[in-house]
Amino acid sequence: MSTANMTTIAEAMDNPDKVVKGGWLIREVTMEGSMATWRKQWNTVTLHELCSYKTPKSTEPLSRVSVASIEEMSHGTIDDLKSFAFELRTPRGEVRLAADTEAVRKEWLDCLRELVPLAKKALALEMLRQKSISTTNLQLTKQQIKEAIEQILRDSKKAEVRPGFKAYADQLAMSFQSFLRQLELVHELAHNSAKDCSFAVATIVDNANSAAAVSTNKKMQNGMVMLTRDICVETVEGVLVYMIDASQNEAARGQMREGIREVRAMVQELLLLLKAAGDLEQQMDNAKRAIERRLEEPPAIDPTRMQSSMQANVDSLMETAKLMHANIRTVQNNVLAQPERVGVYSQQASELMCEMLEATNIVSVQGGVDPVTLDLVAGFEDLPLQQRMMLESMLAAAKGFAAATTNMIDVLREVPNQTEEETVQLRVGESTRSADNALNAFTKILGQLDTDPRTTKLASEAAFESEANEVADMTETNLLASLASIDSVVEEISRHPGMAKETAGEGEAPTTVLGAAKNMGKASAAVIRSVQAAQQELVANGEFTEIYRKDPNWSKALSAASQNVAENTAQLMRVAGDEGSSAEQIVAAARCVNGACKKLQQISHVHGSPDSQGYQGVDTAQKSSNQAMNQLVNLAKQMAAMLDGADDDFSGLRSQERSEQIRAEYEAQREIARLEAECERAREYLVDVRKAINDAAEAHEKASTTFQKAPSVADNLAPRGGMARR
């Protein structure tokens, strides 16, 4: 058999053996001598039987359950193992089944709920038909009434609160309306009216369980269940018991009609209770659902509010937050004294919360952050990170407050008829405090929000440009200070007495060490002057600000390198002007100056275009520095050769014996080896010196975050402790 053989319930009434529903269910099976286990089986249900098979093609059922014998149905989790289980209770025991999903379980339960009354009715009709063969109509009616009494008494015991049942109060009200119509038939002593009345009571009990499960208010649950039980008992004791003899006994008929009036009054009381409870639950459901929809659905941005400034919307949001705070305080102080207003309080809180969520989304968009994806809105790609984090925190705080508000609404459901319960009082206090704390967190973040990010951005950019201009001015000041220092020492060397021996004119190659040193000082000054011109070109073209944004330490390095050139140039002037200086000392000082100029050239070339006029000037000045160094080094070597008698005649060596010549060559080779060893030690020393200088510069860079004042000329002329002193 398969689902293609399914038929409707209406058709099943005409053909009780037709399958109404079929499908796979997991059934609890108890094997003899072993523990219960769950097995997946194919199940079908007809008007008469619920059968299980091994496969859909099997013809012999593994088990059968009479649909008419089902007395009670419940669902929930069984043994914490089967999440979508349900249980059928019959006089012969319990049948436990489980579906794969909640939807499948609901389909089976709905089908069985419809079939059970029909099966009972069909069974009762069949029993009446069989009894009518051997009994009179009066005897059959009395038996039917007795069966109705037993059925109602049995069904009335089912009226209890079982969490997990889901239904609505209006369904229970409809069941009672149907029950009242059956009472009218009982009043007229209609045929089968007692049996139909018992069916109506069975439906009432099922729907009462479901309606009680919906409400979280225990007093309302218990009141609904107890009143339903009283109606069932009164129907039996005050109506159907007297109906047995009502057709023949006028007193019994009077008692029956009095019982009907009492049952009707009890039903009307329960209907009023259901209406009040239903209206209240619906009002609070609407309040909670409105907040949830606002959180789940894409935000609807009001164009008219977007036209207002961000500050105006933030101010409006703050005012709404104040109203919300007042609402929370009102709930906290008055709800236990006015439990009938919980629906109004919930609705007010919901409306204010929805208004706050809408305003929060608008503020977020105006601030530059999409409230759904948290991405940056077009035009805010360069939004400061701090502003973005504040907006994201605001959105998160708003959602947290919304969750606290919905929790408060859920707690308020428990208030009616339970104001004296200590647990309810504690839960109300906790929920209102939680909502108030969440609101305070939201308003705190809102108060710290920058309401004009574009203006802040412009102000920040203006401040940065001002800082860059200040740095450019400070860099130029440092370059000029270094340049003034070099000009000062060059002017001082020009007044040296030894300069009287210099015979070269302007533009000619120098003939003395002092003249060459003076030329090298002028060359180093030219290098700094060209670097200054290149930097001024960057400032004039508007490139310096962007360079400073990307590399704020470049200008510091430029200033430090120019100062290093000035210090080494001053050292060269001191060494060259000292008559006691050796040629090696002069050469070393000249190489230090040229190395400092090269370092300055390299740093200046890090940024800017190498094809620009300013940077070509730097390269030209550096070439002149190289030439000046070479001239000074050559003159220093010539001076050393003259002092050492390097031009002596070697004619005497030629006339000496061979052994003396070999000894002289040996002495020359030994001197070369000594000088090479000293040269290697000097190179190692230079490496150590450079490493120490670089380490000191890095430590100074970490300790200082601002430009230091440019050194004075006197500072640059101070002894440096370099090669000349060593």
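This is a predicted model: local features need pLDDT of at least 70, side-chain atom pairs count only at pLDDT 80 or more; totals for chains, interfaces and linings use all residues.

I started with Leu374, which sits in the loop between helix H10 (342-367) and helix H11 (385-412). Helices here are DSSP runs of H or I with at least four residues, strands are runs of E with at least two, and both are numbered from the N terminus. Most residues other than glycine have a negative phi. I also looked up its cover: Leu374 is partly exposed, at 32% relative accessibility. My scale for that is buried under 20% relative accessible area, exposed over 50%, and partly exposed in between, with a 1.4 Å probe and protein chains only.

**Entry: what I am looking at**

Residues are numbered from 1 along each chain as its sequence is written, and side-chain values use heavy atoms, with hydrogens and water left out.

The protein chain has 21 helices and seven strands. It has 726 residues, of which 42% count as buried. Of the contacts with a separation of 6 or more, 70% are between residues 24 or more positions apart. Contact means heavy atoms within 4.5 Å.

**Entry: strands**

Next I traced strand E7 (residues 93-98). It pairs with strand E6 (residues 82-90) in the antiparallel sense, over six bridges. Two strands pair if DSSP finds at least two bridges between them. E6 and E7 form a hairpin, with two residues between them. I wrote down two of the facing residues: Arg89 has Glu94 in E7 as its bridge partner, and Glu87 stands opposite Arg96 in E7.

What else does E7 run against? Strand E1 (residues 21-30) is joined to it by two bridges, also antiparallel. There, Ile26 has Ala98 in E7 as its bridge partner.

**Entry: aromatic rings**

How many aromatic pairs does a search of the whole structure find? I got two. Rings of Phe, Tyr and Trp (its six-membered ring) pair if their centres lie within 6.5 Å; planes under 30 degrees apart count as stacked, over 60 as edge-to-face and the rest as tilted.

Trp24 and Trp42 have ring centres 5.5 Å apart and planes at 80 degrees, so I logged them as edge-to-face. This pair links distant parts of the chain, with Trp24 in strand E1 and Trp42 in strand E2 (residues 36-45), 18 residues apart. Trp24 is partly exposed at 35% relative accessible area, whereas Trp42 is buried at 6%.

Phe544 and Trp554 make a tilted pair, 6.4 Å centre to centre with 50 degrees between the planes. Phe544 is in helix H15 and Trp554 in helix H16 (residues 554-577), so this pair ties together parts ten residues apart in sequence. Phe544 is buried at 4%, and Trp554 is buried at 4%.

The charged end of Lys21 sits over the ring of Trp108, 5.3 Å from its centre. That call needs NZ of Lys or CZ of Arg within 6 Å of the ring centre and within 35 degrees of the ring normal.

**Entry: Thr545**

I stayed in helix H15 (residues 544-550) for Thr545. Buried or partly exposed? Thr545 is buried, at 19% relative accessible area. Leaving aside neighbours within four places in sequence, Thr545 is in contact with Phe464, Glu465, Ala468 and Asn469.

**Entry: cysteines**

The whole structure has zero. Cys232 is in none, and the nearest cysteine sulfur, that of Cys197, is 9.3 Å away. Cys232 is buried at 3% relative accessible area, while Cys592 is partly exposed at 29%.

Key
A disulfide is a pair of cysteine sulfur atoms within 2.5 Å.
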